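Subject: Structure handover

Hi,

Please find the structure below. My notes on what turned up follow it.

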Amino acid sequence: MADTALMTPLFNWLKDRAAGVLLHPTALLGPHGIGTLNGQAVRFLDLLQVAGMKYWQVCPLGPTGYGDSPYQCFSSFAGNPYLIDLHELVTHGLLDWADLGALSALPADRVDFGGVYQHKWPLLLRASERYEEAGAPPLFGDFEAFRKRHAGWLEAYAFFRALKDRHGGRPWWEWPETLRSYEGALGTSLRAELSVAVHAHVFTQYVFFGQWARLRQAAATRGIGIIGDIPIFVAADSADTWANPELFELDPKTGKPLAVAGVPPDYFAADGQLWGNPLYRWDRHAQDGYAWWIRRLQATFALCDVLRIDHFRGFDEFWRIPYPAETARNGAWTAGPGLDFFRAVQAALPDARIIAEDLGMLSPSVVELREATGLPGMAVLQFAFGDEPTNLYLPHNLVPNSVIYPGTHDNDTTLGWYAGTDEKTRDHVRRYLRISGQEIGWDFIRASYGAVSRLAVIPFQDILNLGSDARFNAPGKPAGNWQWRCSTGQIEGLFRETAPYLATLGEMTGR
């Protein structure tokens, strides 16, 4: 890749300074156990507008399964039905107010995903049946037109979910052999037998996309863009692998992975990280110009204005772990598609605005690839301190074409991080930023706003000045992630002083 330094970058979109906030919609307000695409989401946009922010960053919006992680979805193309606002279905006569009682009894301060699944899915199925009985009125445009427009992924996804329900939620490689691929399943009678369930999953996507499009338009009218997010890899148990097995390293007999993704042992994890995602057959993708990836990106950009791609390093080289494995120790770095992939993306999506998640230890070739693409990388202030002045995340080492965060969805809140780190690191923070440490959350916000990075994105928990109990995700923690939610009082309390202060801070720092 030595020649990449002489090339004109493929993308050059991050030209203006701006600020944004990081908050996944599940953490928003709502009466039914989880944040939804309702009026409270619009109220959150009002807050961002008053604060002078130009972006709202979310985690992946796909349908989650076991573990509830938005980074392990049943589809790279579908939306999460948990986010549907059921009140609207009541107003259209598809549900009754009394139907919502069990959901209203769920906790308000956290997401009980099990309770949401148990009570929300039957209501969505009931709404789907009533919608069909009513003759499919155009709630969000013509239903059949929506179905045809998304047929390239929607039919396989809906059939996959119906089959998964039929088999008690078991992964697709544990189904009968004739059902272990979309092509094989279409040759059975089950497609007709499961037509009601298939329709229900199509209907939930119709409602999700309709409600999301309206929320995105509300953001646009307030001058706010949506920053979406996708992981580089897909879940093993997904419609993506089931419908396109030839694109992944899968055993053609069993459907199980031949090798899986992860990262090797390092200072933070003695055994490395075993993610378990199937790997791509990049040679197959290259043969048709990365058509599946292009469709994936196009579908995601239909939901957002900017897109963060997780684990950018995997496009340069990825850690290939033969399957099965108990740890990530026995793997090997394997070449990814490199710049050829991004040339194809640029040709198909010349105006794509992408952020490269390039955190962690980076080889020179990864840096060269990012610079050749022109994509802005990420910097996390929590990773900057306690080390040498050459630390790339220290503000004096940053570059304009980057996005700075106090922390990400995987980090503790800034207050929690500062309280839990060692005194050497805290001393470095205080001396570097010339602060007392008594307002560390806001000190990191001010440092992010003042940094040379053109885009600063602040986790909403830091704006609320919350501690570790508001942490959204702790990688490696088996349960309890993704559950935190904000309250009505927390959002409303920011309008009076905090939001105007952020607007002033943005004016002073050119954001």
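On a 1 Å grid over the protein atoms alone, a cavity is a set of points where a 1.4 Å probe fits but cannot get out, while a pocket is an open set with protein on both sides within 12 Å along at least five of seven lines; lining residues have an atom within 4 Å of a point. Grid points are joined across faces, edges and corners, and a volume is the space filled by probe spheres set on the points.

This is a predicted model, in which local features need pLDDT of at least 70 and side-chain atom pairs count only at pLDDT 80 or more, while totals for chains, interfaces and linings use all residues. Residues are numbered from 1 along each chain as its sequence is written, and side-chain values use heavy atoms, with hydrogens and water left out.

Cavities

Searching the whole structure gives four cavities of 30 Å³ or more. The largest cavity has a volume of about 270 Å³. Its lining comprises 28 residues, and those nearest the centre are Pro60, Gly62, Ser76, Asp229 and Ile230. Strand 3 (225-231) and helix 12 (291-301) each supply at least two lining residues. Helices (H or I, at least four residues) and strands (E, at least two) are DSSP runs, numbered from the N terminus. Strand 3 gives the most to this lining, with five residues. By class, the lining of the largest cavity has 19 nonpolar, six polar and three charged residues. Here Ala, Val, Leu, Ile, Met, Phe, Trp, Tyr, Cys and Pro count as nonpolar, Asp, Glu, Lys and Arg as charged, and the others, Gly among them, as polar.

The second largest cavity has a volume of about 140 Å³. It is lined by 17 residues, with Thr408, His409, Pro459, Gln461 and Phe472 nearest its centre. Its lining has six nonpolar, eight polar and three charged residues.

Of its 18 lining residues, Phe77, His150, Gly152, Trp153 and Arg295 are the closest to its centre. Helix 6 (151-166), helix 10 (239-243) and helix 12 each supply at least two residues of this pocket's lining. The lining divides into 10 nonpolar, five polar and three charged residues.

Cys59 is in no disulfide; its nearest cysteine sulfur, that of Cys73, is 10 Å away. Cys486 is in no disulfide either, and the nearest cysteine sulfur, that of Cys59, is 14 Å away. Cys59 counts as buried, at 3% relative accessibility. Cys486 is buried too, at 2%. Buried means under 20% relative accessible area, exposed over 50%, and partly exposed in between (1.4 Å probe, protein chains only).

Helix 14

The buried residues of helix 14 (residues 364-373) are Val366, Leu369, Arg370, Ala372 and Thr373. They lie on the same side of the helix, because they cover an arc of only 165 degrees around the axis. That arc is taken from the directions from the helix axis to the C-beta atoms. These buried residues pack against helix 13 (339-348), strand 9 (354-356) and strand 10 (377-380). Contact means heavy atoms within 4.5 Å. Just after helix 14, Gly374 takes a positive phi of about 85 degrees.

Helices 17 and 20

Nine of the 11 residues of helix 17 (residues 440-450) are buried, so this helix is largely enclosed by the rest of the structure. Among them are Trp442, Phe444, Ile445 and Tyr449. Leu505 sits in helix 20 (residues 498-508). Leu505 is buried, with a relative accessible area of 5%. Not counting residues up to four places away in sequence, Leu505 touches Ile445, Arg446 and Tyr449. Leu505 and Ala213 are 292 residues apart in sequence, and their C-alpha atoms are 31 Å apart in space.

Val207

Where is the place of Val207? Val207 is in helix 9 (residues 195-221). It is buried, with a relative accessible area of 0%. Leaving aside neighbours within four places in sequence, Val207 is in contact with Ile84, Leu89 and Phe140. The C-alpha atoms of Val207 and Asp85 are separated by 8.9 Å, although the two are 122 residues apart along the chain.

Best wishes

Note on methods. A disulfide is a pair of cysteine sulfur atoms within 2.5 Å.
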